[in-house]
Amino acid sequence: YLDKDKIIGHNTDIEGFETSIKKSKFDVSDKEVLILGSGGVVPSIILALNKMKVSKITLSNRTRDKAENLKKLFKNLDVVDWGKVPNFDVIINATSIGLNKNDVINLDLSKVGKNKFFYDVIYNPSETNFLKMGKNLGNYIENGKMMFIYQASAAFKIWHGIKPLINDEVEELLDKWLELVF
């Protein structure tokens with residue numbers, strides 16, 4: 001938007017992701033995080049995780065060069081080859097794998113243990129195969145629906161100066177909209 005002849009831009013991904021994690025009640029501070037993917041929203045997720053004081057961020061992408069490019073921006077990243085699964089407390093799917101109901105992330109996560117946090121930025125379908133796998137292994141799961149809602153809330157505040165109330169009714173309206181559209 002224009003503000004006194006200056007163009008102002010905002011990134012609501014950071015606030016949307018950070019707020020959704022905080023509202024999930026899974027404390028990520030001092031936790032090791034594995035991010036799958038390196039496109040679109042990943043830089044915002046890394047910034048938010050750094051703000052939340054995670055102990056370590058590891059990145060894995062099907063194209064390693066793209067992950068290495070992010071390491072140029074964020075010196076604290078570790079990069080591993082796709083298919084390798086290092087120790088983690090939190091795993092975030094930030095790939096497009098899962099947008100189709102039959103998509104499967106071909107990673108062996110069977111030995112990661114329980115009580116980890118599986119987060120998928122995808123919100124439709126509401127439970128991707130990645131999240132189903134995490135749940136079946138005894139882990140906490142969360143999809144990207146609340147991130148989407150908190151991004152919209154942040155954008156609304158920027159444009160209108162009012163912070164909308166986010167409650168169960170807002171979630172239900174989004175669910176109904178998703179049913180109609182998809």
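The legends below describe close-up views of a predicted model.

**View 1. Helices α1 and α2 pack against each other at an angle of about 50 degrees.** Helix α1 covers residues 13-23 and helix α2 covers residues 42-51, and their axes lie 8 Å apart. The crossing of α1 past α2 is right-handed.

**View 2. Lysine 145 forms salt bridges with glutamate 171 and aspartate 175.** In the pair with glutamate 171, the closest N and O atoms are 3.5 Å apart. This pair links distant parts of the chain, with lysine 145 in helix α5 (residues 145-160) and glutamate 171 in helix α6, 26 residues apart. For aspartate 175 and lysine 145 the N to O distance is 3.1 Å. Here too the partners come from distant parts of the chain: aspartate 175 is in helix α6 and lysine 145 in helix α5, 30 residues apart. Lysine 145 has a relative accessible area of 13% and is therefore buried. Glutamate 171, at 23%, counts as partly exposed, as does aspartate 175, at 30%.

**View 3. Glutamate 127 and lysine 135 meet through their side chains in a salt bridge.** The N to O distance is 3.0 Å. Glutamate 127 is partly exposed, with a relative accessible area of 26%; lysine 135 is also partly exposed, at 42%. The structure holds nine salt bridges.

**View 4. A cis peptide bond joins asparagine 124 and proline 125.** Omega at this bond is about 15 degrees. Proline 125 belongs to the loop between β7 (117-120) and α4 (129-136).

**View 5. Aspartate 5 and lysine 53 have positive phi values without being glycine.** Phi is about 65 degrees for aspartate 5 and near 65 degrees for lysine 53. Aspartate 5 sits in the loop between β1 (2-3) and β2 (6-7), and its relative accessible area of 78% makes it exposed. Lysine 53 sits in the loop between α2 and β4 (56-61). Lysine 53 is likewise exposed, with a relative accessible area of 59%.

**View 6. Trp177, Leu180, Val181 and Phe182 form a nonpolar patch on the surface.** Together these residues have about 490 Å² of accessible area. Leucine 180 is part of helix α6, which covers residues 168-181. With 74% relative accessibility, leucine 180 counts as exposed.

Technical notes. Residues numbered from 1 in each chain as written. Predicted model: local features only at pLDDT ≥ 70, side-chain atom pairs only at ≥ 80, totals over all residues. Heavy atoms only, no water. Patch = residues over 30% accessible without salt bridge, like charges linked within 9 Å, V, L, I, M, F, W, Y side chains within 5 Å. Areas by Shrake-Rupley, 256 points an atom, 1.4 Å probe, with all protein chains shown as cover. Salt bridge = Lys/Arg side-chain N within 4 Å of Asp/Glu carboxyl O. Helix = DSSP H or I, 4+ residues; strand = E, 2+ residues; numbered from the N terminus. Buried < 20%, exposed > 50% of the residue type's maximum accessible area, 1.4 Å probe, protein only. Axes fitted to C-alpha atoms, helices over the stretch in contact; angles between N-to-C directions. Left-handed = near helix turned anticlockwise from the far one by under 90°.
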